[in-house]
Structure formats: structure tokens, C-alpha cells
Amino acid sequence: MATEILMPRLSPAMEEGTLAKWLVAEGQSVSAGDVIAEIASGRATMEIEAHAEGRLARILVPAGTARVRVDTPIAVLVAKESGIAPSPHVGEGRGGVDGRPSAAGSDTGMPPVTSAGTPPTLGPFPRGGGEKTTTITMREALRDAIAEEMRRDPDVLLIGVDVTQGEGAHKVAEGLADEFGTGRVIDTPITEQGFVGIAVGAAFAGLKPVVELMNWSFAMQAIDHIINSAAKTLYMSGGALSCPIVLRGPNGATSQVGAQHAQCYAAWYAHVPGLKVVAPSNSADAKGLLKSAIRDANPVLVLESEALYETLCEVPVDDEWLVPIGKARIARQGRDVTIVAFGRAMVHALAAAERLAGDGIEAEVIDLRSLRPLDMETVLTSVARTNRIVIVEEAWPVCSVGSEIAARVAIEAFDHLDAPPAKVSGADVPMPYAANLERLALPGPEQVIEATLRVLYRNEDGRPR
């Protein structure tokens with residue numbers, strides 16, 4: 001069996017890159033996880049790993065080739081015993097290079113497969129009747145939210161690395177500098193401690209900065225400004241001085257970015273009095289929550305998922321579309337078990353609920369949306385009906401948001417529970433770089449289904465409680 005290896009995506013905004021180097025030759029055997037090539041895009045360089053054991057039968061794009069489109073077949077991997085011979089002329093007759101897309105089929109006889117870096121697709125966001133909607137990506141929804149609030153309020157500004165010429169690390173700032181100018185869309189050096197501190201000072205002075213962080217992992221440099229200044233000043237000033245600031249950017253795992261770029265800090269910031277923390281799972285909530293955050297008089301942190309930036313969802317066409325901070329959403333109604341999630345974990349929760357429904361198990365899925373304040377009323381009301389709960393998150397399991405919800409349910413809804421709360425989370429390890437280990441470190445629908453069946457059934461023979 002032949003499988004195409006595709007040009008991966010280093011970021012949601014990446015469209016093409018350079019195949020810098022091949023580390024294996026045609027005909028060479030590889031094992032799953034072996035590094036086979038290096039690619040580059042802008043300032044980023046990434047290694048490509050073999051996703052399975054086999055033999056590199058053909059190299060379709062030679063080393064040094066620039067402008068290779070994402071999802072272009074760059075090599076063919078076959079089983080070791082396969083008889084496919086190496087190609088006599090590497091890369092000849094292939095599309096996908098120098099800006100040309102590859103053909104739908106390939107000379108391997110295999111249909112194109114999805115890149116490991118391509119984010120999942122969410123279904124349409126449920127809307128009430130009579131509202132005009134448009135289908136856009138989460139990245140576009142975030143951009144639209146910032147643009148609408150900058151038009152509405154001249155005190156709103158955007159600050160971050162490469163937000164003018166580069167339009168932001170993830171293209172959320174696309175077109176904003178052209179519309180609002182560099183006086184309100186402000187580039188900074190890559191020094192989070194510096195530009196977050198400047199933004200906090202600007203907020204104290206009456207402006208309303210939206211700070212783009214390239215990754216929440218880098219916010220550790222600025223954590224003193226976020227916690228000791230932004231979060232505490234309203235209390236320490238006796239209510240005399242507020243800090244209307246929004247800090248936003250990708251949080252948690254994406255695809256092969258390593259241990260220092262794939263950390264979920266939801267519990268860190270949800271722990272802090274004086275902060276509001278939100279984590280959208282779809283375009284509609286991303287836009288509505290960000291607009292609410294910008295209008296808030298106090299600091300709000302928006303924890304986004306890079307893996308969801310290109311997911312499509314219906315969003316109301318309305319400049320006053322606001323999602324209230326502190327209110328969860330029932331994404332799917334059910335009677336048998338409550339599944340609670342936030343951010344990208346909602347993808348796993350909804351996929352698991354769909355598969356469980358095929359077996360006659362109706363799960364109620366709650367999207368928290370807001371992590372501080374936490375809408376425990378919606379969670380507890382659901383548990384009172386279903387009598388069982390599974391909490392899903394991609395964070396580390398110790399002292400996590402899921403731990404807090406499990407404890408609160410056990411304390412406040414003990415008499416309603418027919419089974420102990422179950423928790424599905426990421427592995428308690430730094431995020432591995434290797435693709436195969438990264439998959440093992442993150443939860444998926446299978447783990448959610450397993451946990452759900454555990455709370456539904458007492459015995460291994462499947463007899464219900």
C-alpha cells in the first residue's frame with residue numbers, strides 16, 4: 001500500500017514553504033517517528049517525521065525547492081515489501097511547486113490525504129431563527145471582532161509582534177493596519193515583558209489595548225504585569241483605577257511545536273482573582289467573546305486554539321453580536337451523561353457524543369466558553385438530570401480546570417451522582433515533539449467514549465448501573 005507524504009502546515013496562515021533538506025534517500029527504510037526531511041517557512045523550520053513504518057519509494061519534490069504549497073505530495077511511503085521502484089527523475093511532472101497546486105490524483109493511485117497539521121472541522125453553530133449569518137473561520141471572526149470594536153471606539157488599539165506588515169503571526173490582524181494605520185495597530189519587538197507592560201500602562205491611562213501574543217507559552221515573560229498589575233490594581237486602588245486590557249493568542253497544543261510552545265495555561269490564569277478568562281471553540285463564540293472582552297472595563301484573557309483558526313462556522317452578521325462572559329453553552333442536549341469541555345476539547349466531546357448516539361447513548365455536551373467566571377449553574381443543572389459527568393480538556397491533569405469542575409460537582413451535586421466524575425485530559429508530561437508521541441499525549445474521542453462508558457456501566461460485561 002502506498003501513502004503520500006504531504007507538505008505540512010507550520011501555522012494556520014502558512015500557504016507554502018521551502019523543502020530545505022531530505023534526510024533519507026529513495027529506497028531507504030524508515031520507522032514511525034524517524035525524521036525524514038526539513039522544511040522552512042519564514043523564520044520557522046520544522047522536521048517532517050515518517051508517520052508509519054515503510055520504505056521511501058519516491059521523492060516527488062527535491063531538496064531546495066521553494067514555494068511548495070501546503071498539502072502538496074512531496075514523497076511516497078510504501079510497505080517495505082512493496083515493489084514500487086524509485087522514480088528515475090525526482091519531482092518531474094508534479095504540481096504543487098512554485099505556486100501551482102498539485103493534481104487531485106497522483107501516480108501512486110492513492111487519493112490525497114489530509115495533512116497532519118490541518119485543523120478539524122466543526123459543524124454549524126446552532127442559531128436562533130431569523131438571524132442573518134455568514135460562514136467564516138475563527139481567524140476571520142477574531143479579526144472582524146477587533147475591526148468592529150476599533151471602528152466603534154477610537155480608544156481601542158492593537159499591539160503585538162508583526163501585527164502591521166506581517167498581519168500577526170497567525171494573520172488575525174489581516175488588513176487592520178491598512179484601515180486603522182500604524183498609530184492604532186502597533187508593531188513591537190519580540191519582548192512580551194516589554195510590550196505587555198506598555199499595554200498595561202496604556203490601559204491605566206484610559207486606552208483599551210488588545211494585545212496579541214504569538215503564543216500563551218511566551219506570556220510567562222509578562223506574568224508579573226498580567227497578575228500583579230492588570231489583575232490586582234482595581235482591588236488595590238479601592239476601585240479607583242481599572243485596567244481595560246485584552247490579551248489574546250493561541251493556547252495549548254497544535255501540531256509538532258514542541259514542549260515549550262504547546263502548553264495549556266487555562267488553569268494558571270483561571271486561578272487568579274481580578275482576571276476573566278475565556279476559551280472559544282468556534283467562530284461565533286470567538287467573535288462574540290472577544291467583542292465582550294474589549295468592551296469590559298477589566299482585564300480579559302482570550303485563550304484561543306491555533307488548531308481551530310481555520311475551522312468554519314456560522315457567525316451572525318451583526319456588529320452588536322456579543323457572547324456574555326461567564327455563561328456556558330449547551331452544544332448538544334442529552335439525558336444519559338453530561339460531557340463538559342472547552343476550546344479544542346469540544347471537538348473531541350462532540351465527536352464522541354455523535355458516536356455514542358449511534359449506540360443509543362444521548363450525551364449532553366456543555367461548552368464552558370468562560371473559565372473565569374465559571375458557569376457551574378449550567379453544569380450542575382445538567383448533572384441533576386443526567387446523574388453522570390465526564391470532563392474533557394487538553395491540559396495537564398493536575399490542578400486543572402477539569403479538576404476544579406470535578407471537585408465542585410462532587411461537593412455540590414453529590415446526591416445527584418450515580419457514578420464518580422470522570423476526567424479526560426492530556427498526559428502528565430511535557431508535550432513531545434515526535435508526531436506519534438504527541439498523538440499519545442493528547443486526548444481524543446476514543447478516550448471520551450471510554451470514560452463515558454465507565455460512568456454509565458458498573459461491570460466489565462456492560463450491565464448498566
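At roughly what angle do the axes of helix H9 and helix H10 cross, and within what distance do they come? In this predicted model, the axes of H9 (residues 376–386) and H10 (residues 401–412) come within 11 Å, and they cross at roughly 55 degrees. The two helices are therefore oblique to each other, and their crossing is right-handed.

Take a look at who does the touching. On the H9 side you'll find Met376, Val379, Leu380 and Val383, and on the H10 side Ile405, Arg408, Val409 and Glu412. Sort these residues by class and you get six nonpolar ones, two charged ones and no polar ones.

## Salt bridges across the chain

Now for the charged pairs. Side chains of opposite charge can pair when their charged atoms come close. This structure holds 30 salt bridges, and a few are worth a visit.

Start with glutamate 310 and arginine 139, whose closest N and O atoms sit 2.9 Å apart. How exposed are the two partners? Glutamate 310 has 25% relative accessibility, so it counts as partly exposed. Aspartate 153 is buried, with a relative accessible area of 12%, whereas lysine 208 counts as partly exposed at 26% relative accessibility.

## A buried pair and a network

Aspartate 367 and arginine 329 form a salt bridge as well, with 3.4 Å from N to O. Aspartate 367 lies in strand S19 (residues 363–367) and arginine 329 in strand S17 (residues 329–332), so the pair ties together parts that are 38 residues apart in sequence. Is this pair of side chains buried or exposed? Aspartate 367 is buried, and arginine 329 is buried too.

Some salt bridges share partners, and these join Glu148, Glu149, Arg152, Lys287, Lys291, Arg295 and Glu320 into one network.

How values were computed:
Residues are numbered from 1 along each chain as its sequence is written. This is a predicted model: local features need pLDDT of at least 70, side-chain atom pairs count only at pLDDT 80 or more; totals for chains, interfaces and linings use all residues. Side-chain values use heavy atoms; hydrogens and water are left out. Axes are lines fitted to C-alpha atoms, for helices over the stretch in contact, and angles run from 0 to 180 degrees between N-to-C directions. Helices (H or I, at least four residues) and strands (E, at least two) are DSSP runs, numbered from the N terminus. Angles under 35 degrees count as roughly parallel, over 145 as roughly antiparallel, 65 to 115 as roughly perpendicular and the rest as oblique. A crossing is left-handed if the near helix is turned anticlockwise from the far one by less than a right angle, and right-handed if clockwise. Contact means heavy atoms within 4.5 Å. Ala, Val, Leu, Ile, Met, Phe, Trp, Tyr, Cys and Pro count as nonpolar, Asp, Glu, Lys and Arg as charged, and the others, Gly among them, as polar. A salt bridge is a side-chain nitrogen of Lys or Arg within 4 Å of a carboxyl oxygen of Asp or Glu. Buried means under 20% relative accessible area, exposed over 50%, partly exposed in between (1.4 Å probe, protein chains only).
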